[in-house]
Amino acid sequence: DIVGGISVEMAAATGLLQGTPVVAGCGDQSAGLLAAGVNIPGRMGDSAGTYPVLAFCTDQFRPDMAGQRTEIIPSAIPGLWNPISLIIGGGLTHHWFQEQFAAGGQPETTHDGGSVYAVLDEQAARIGPGSEKVFFIPHMAGRACPTNTDYRGMWIGFSWTHRREHFYRSILEAIAYDQYHALQSLKAAFPESPVQEVLVYSGGARSALWNQIKADVMGVPYLALDREDLGALGAAILAGHAVGIYDNLGTASQQFVTVAQRFEPRAAEHATYVKCAEYYERLLSHSEPAYHELVALPEWRG
């Protein structure tokens, strides 16, 4: 909706034309999902950004009261809903890892100008599914879905034979495991809308390794979109609809969806990953009491 216009004072301050329409927008995730075309019931998107978000589209409001694996946000398109599962700071964990263990506090580039993440991906790609039994809990600032603020990060299973790339790959896999269980909850809640594929975007979608891991864990194709600025694009689509450039939000958003690369799940890898994902779920459950005890420990304040 148009909610106003640029005043004389704001026009002078910003350089925008007086009277330029001001349009009510939406949250960043809703805008990104609109631009990614996740506005058709049964379609799924993966925002591989600072907060990894696995999102579904449906025209039914069905809260996940039992498992609490997902929360529901309204779509930017009236009558549609986006059940989502998020991990607090999963993308921040990537940055933290490369800063602390890969680049020694240096910028995210190598000496020849390449990406540190690309180097980590190349090394981690040489390791098989399951990171040779190294597992990671990615809830470094607490767990969001279901909510438990006591959780923190954890590695388990490592020995002297494991290297930096094992720990890095285990981060990629852990987020995929978490999303695998969110997908199972969504399948149970919406059996009439089977997920055929996942559209992945944001910075993490640049990692072919991570996209393939997710496809293998989930057991469905992953489609990497060709652009990352989907939040801004979604806001632009909303503005265009408000001023009459686009008659239909859904139709308008679909014309911007372009797939850059497709990743097919591999049967053998998926079979292994399902066992790993089941272990990950048990690990979360078994470690919960330890996290509660950790919170209760006194902190040194010398």
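Biologist: What should I know before reading the model?

Modeller: The model is predicted, with local features needing pLDDT of at least 70, side-chain atom pairs counting only at pLDDT 80 or more, and totals for chains, interfaces and linings using all residues. Residues are numbered from 1 along each chain as its sequence is written, and side-chain values use heavy atoms, leaving out hydrogens and water.

Biologist: In what order do the strands of the open sheet stand?

Modeller: Strands (E, at least two residues) and helices (H or I, at least four) are DSSP runs numbered from the N terminus. Two strands pair if DSSP finds at least two bridges between them. Here seven strands form an open sheet in the order E5-E6-E4-E3-E9-E10-E11, with mixed pairing. E5 (71–74) and E11 (259–263) are at the edges with a single partner strand each, so one side of each has no neighbour in the sheet.

Biologist: In what sense do E4 and E6 pair?

Modeller: Antiparallel, over three bridges. Alanine 55 has isoleucine 84 in E6 as its bridge partner.

Biologist: Which residues touch the most other members of the largest nonpolar core?

Modeller: A nonpolar core is a set of buried Ala, Val, Leu, Ile, Met, Phe, Trp, Tyr and Cys residues joined through side-chain atoms within 4.5 Å. Buried means under 20% relative accessible area (1.4 Å probe, protein chains only). In this core of 49 residues, they are Met44, Leu54, Tyr177 and Tyr222. Helix H5 (164–189) is one of the elements supplying at least two residues, and H5 gives the most, twelve. Another core, of 25 residues, lies apart and includes Leu33 and Leu238.

Technical notes: Buried means under 20% relative accessible area, exposed over 50%, partly exposed in between (1.4 Å probe, protein chains only).
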